Amino acid sequence: MMSAWSNGSSNVSYTSFLLVGFPGRQESRIFLVLPFLSLYLVILSANALVIHTVVAQRSLHQPMYLLIALLLAVSICVATTVMPAMMFSFSTHFNRISLPYCLLQMFCIYFLIVFDCNILLVMALDRYVAICYPLRYPKIVTGQLLAGLLGVAAARSTCIVAPVVGLASQVHFCCSDIIHHFACEHMALMKLSCGDISLNKTVGLTVRIFNRVLDMLLLGASYSRIIHAAFQISSGRARSKALNTCGSHLLVIFTVYSSTMSSSIIYRVARTASQDVHNLLSAFYLLLPCLVNPIIYGARTKEIRQHLAILFQREQLPAPPEKPQSLPSQEELPA
């Protein structure tokens, strides 16, 4: 669909688009449903299992574990924002999306990605206080402080994403109504513009670079202090536990930031690659953290791992056999 707009001349702008996820697989894209559905179900079950473990066990109702559960809940939201609609379009060939819904999806995807990174910053602060000031930790990291930090994280995510999406909403799209992507990704949508989008590109790139550099500086400063303080702990067991916890967080940080940055770099460098390859890389950086994070925290966090093991053992134990009813004795028989 197209709508008229005037800027000194008669022009048109598309108000709905066709999402073509993998242009080179149009005839066989029905066969993409099964692998993506399997991946989606694995992401849902793995993340939900760890979240259930944290929520169900009162001993895990501590800031670090609650932040892990929130991080995994965001992973479920990221996958759910993209995958159901993508699989529906693969199976029904109904892949038209309106411009407002496209912008909403764009905002949700980028907001959740940035919020995910901001939660990692809050987790770094939590570990910094826990290891560097262990005696004061219960008084410093309270539920009220945690809620305030998460509120700041959500506000920061909104402030980072809103300008990019707001500028995209002002662009006129008259080159085509076909988005060669499985979701409303910013640059895929900007390719359809027919005006000057240099400001959009500059703002998008500046926000991404500034956000990533600032995050890496804050995380680097926090974890360098944390690791230094951990090596000063006299107890070998406590030192090992602190370093193991930091190792899990650092693995998640590496997964989240490396997948995002490598996708951005390859998107700009490998211009000769097919659109299917670029889309596959986009799916990779979106879904890899959603798949890997619950495995990292479930396998490397001792307390969560122990409760998961108990849960699986309880499920595998056979039900106790029913005791056979004993026959009444002669004294009990009616006369």
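Valine 165 lies in helix H5, which spans residues 143-169. In this predicted model, valine 165 has a relative accessible area of 11% and is therefore classed as buried, since the term applies to values under 20%. A separation of 35 residues in sequence lies between valine 165 and asparagine 200. In space, the C-alpha atoms of valine 165 and asparagine 200 are 9.2 Å apart.

Helix H7 comprises residues 198-231 and includes isoleucine 209. The relative accessibility of isoleucine 209 is 46%, so this residue counts as partly exposed; that category covers the range between the limit for buried residues, under 20%, and the limit for exposed residues, over 50%.

Helix H2 (residues 63-92) and helix H3 (residues 99-132) cross at roughly 165°, and their axes come within 10 Å. H2 is therefore roughly antiparallel to H3, because angles over 145 degrees fall in that class. The crossing of H2 and H3 is left-handed.

In the second pair, helix H1 (residues 33-56) packs against helix H9 (residues 275-300) at an angle of about 40°, and the two axes are 8 Å apart. This angle makes H1 oblique to H9, because the roughly parallel class is limited to angles under 35 degrees and the roughly perpendicular class begins at 65. H1 and H9 likewise form a left-handed crossing.

Conventions. Residues numbered from 1 in each chain as written. Predicted model: local features only at pLDDT ≥ 70, side-chain atom pairs only at ≥ 80, totals over all residues. Heavy atoms only, no water. Helix = DSSP H or I, 4+ residues; strand = E, 2+ residues; numbered from the N terminus. Buried < 20%, exposed > 50% of the residue type's maximum accessible area, 1.4 Å probe, protein only. Axes fitted to C-alpha atoms, helices over the stretch in contact; angles between N-to-C directions. Parallel < 35°, antiparallel > 145°, perpendicular 65-115°, else oblique. Left-handed = near helix turned anticlockwise from the far one by under 90°.
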